[in-house]
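Subject: Structure handover, salt bridges

Hi,

Here is the structure for you to open.

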Amino acid sequence: MPDLHLDSKTSTSPWEWFVGTPLMVVCIIIGAVALRWLVHRAIRRVVRLMEDRTHERPETGRAGRVLRQATGLDSERRIQRAATMGSLLRSVTTILIFGIAALTAMGALGVPLAPLLASAGVGGVAIGFGSQSLVKDFLSGIFMILEDQYGVGDVIDTGEAIGTVEEVTLRITRVRDGSGVVWYVRNGAIARVGNQSQGWAVGLIDIPIGYDESVEHALQVLRDVVKAIDSESPWNDKLLEEPTVAGVESVTGGVVTLRITAKCLPNEQYAVGREIRERAKLALDAAGVKGPQLPPYLTPPTT
């Protein structure tokens with residue numbers, strides 16, 4: 001009888017082991033897959049809400065209409081940013097969920113985790129010391145994308161280079177300057193960013209006239225110029241409001257400088273400024289308002 005009892009225990013032991021540890025491992029894997037699916041579904045839903053909802057109430061008037069069209073609350077850039085954030089979150093959650101599941105399964109199989117975690121910790125510290133700049137670049141890229149500091153097509157000043165953004169990744173930002181030179185700027189090396197393409201821009205136009213000319217007459221001519229520009233296409237679509245003739249900006253060396261400010265769409269201040277200068281020059285000449293005259297000792301002799 002004792003031998004039969006021992007044989008019975010021996011015959012049922014493998015089945016009990018199979019029902020125990022392997023079943024637990026299978027349940028851990030199934031649970032990890034199910035959790036990943038739920039988390040990814042929640043992330044996709046959040047991304048979809050970010051693409052659909054509006055960040056702010058629509059502004060009224062021409063400025064609100066033009067700004068809304070320019071900033072593109074439902075534009076491709078916003079969709080790309082939301083998709084990038086969703087992809088980043090899905091990758092991070094996948095690594096975390098399956099990493100924890102793998103450690104849990106190894107513990108269920110009897111693998112000693114303490115030496116493994118200690119070795120991984122030492123290796124992680126060594127890799128961290130050797131790749132501090134890479135980690136800094138990635139973290140800076142993540143926060144840059146989350147905060148939407150700039151995007152493709154924006155004109156930015158990174159301190160290292162000034163130009164148009166052509167590509168944004170987690171590690172680098174590719175910028176092409178006005179001379180056509182392509183700059184690859186590490187995200188971790190960017191201490192500050194000046195974005196000239198978010199929301200709206202202001203063009204400052206300085207018009208010099210002679211010291212002896214009538215300032216009030218010149219200002220009235222400039223007011224007529226900006227009113228005409230604001231009422232004509234395509235400039236009324238680039239301007240958010242009628243340009244303002246601010247008045248006298250400076251009086252130096254026999255030159256009176258009159259300033260005009262133009263609030264317009266991003267990156268349009270240059271074209272608007274050139275048009276205002278051209279029209280102001282023609283209008284002032286037609287009105288008899290002369291520009292600054294050179295001193296006699298600087299006037300070239302006539303032959």
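Below is what turned up, pair by pair.

Please keep in mind that this is a predicted model. It holds 12 salt bridges.

Start with Asp157 and Arg192. They form a salt bridge, with the closest N and O atoms 3.6 Å apart. This pair links distant parts of the chain, 35 residues apart. Asp157 is in strand E1 (residues 155-157). Arg192 sits in the loop between strand E4 (182-186) and strand E5 (194-195). Arg192 is partly exposed, with a relative accessible area of 49%.

Next, Asp206 and Arg259. Their closest N and O atoms are 2.8 Å apart in a salt bridge. Asp206 counts as partly exposed, at 32% relative accessibility.

Lys281 and Asp285 both lie in helix H8 (residues 269-286). They are four residues apart, about one turn of the helix. Their side chains meet in a salt bridge at 2.3 Å, N to O. Lys281 is partly exposed at 49% relative accessibility. Asp285 is also partly exposed, at 42%.

Best wishes

Methods: Residues are numbered from 1 along each chain as its sequence is written. This is a predicted model: local features need pLDDT of at least 70, side-chain atom pairs count only at pLDDT 80 or more; totals for chains, interfaces and linings use all residues. Side-chain values use heavy atoms; hydrogens and water are left out. A salt bridge is a side-chain nitrogen of Lys or Arg within 4 Å of a carboxyl oxygen of Asp or Glu. Helices (H or I, at least four residues) and strands (E, at least two) are DSSP runs, numbered from the N terminus. Buried means under 20% relative accessible area, exposed over 50%, partly exposed in between (1.4 Å probe, protein chains only).
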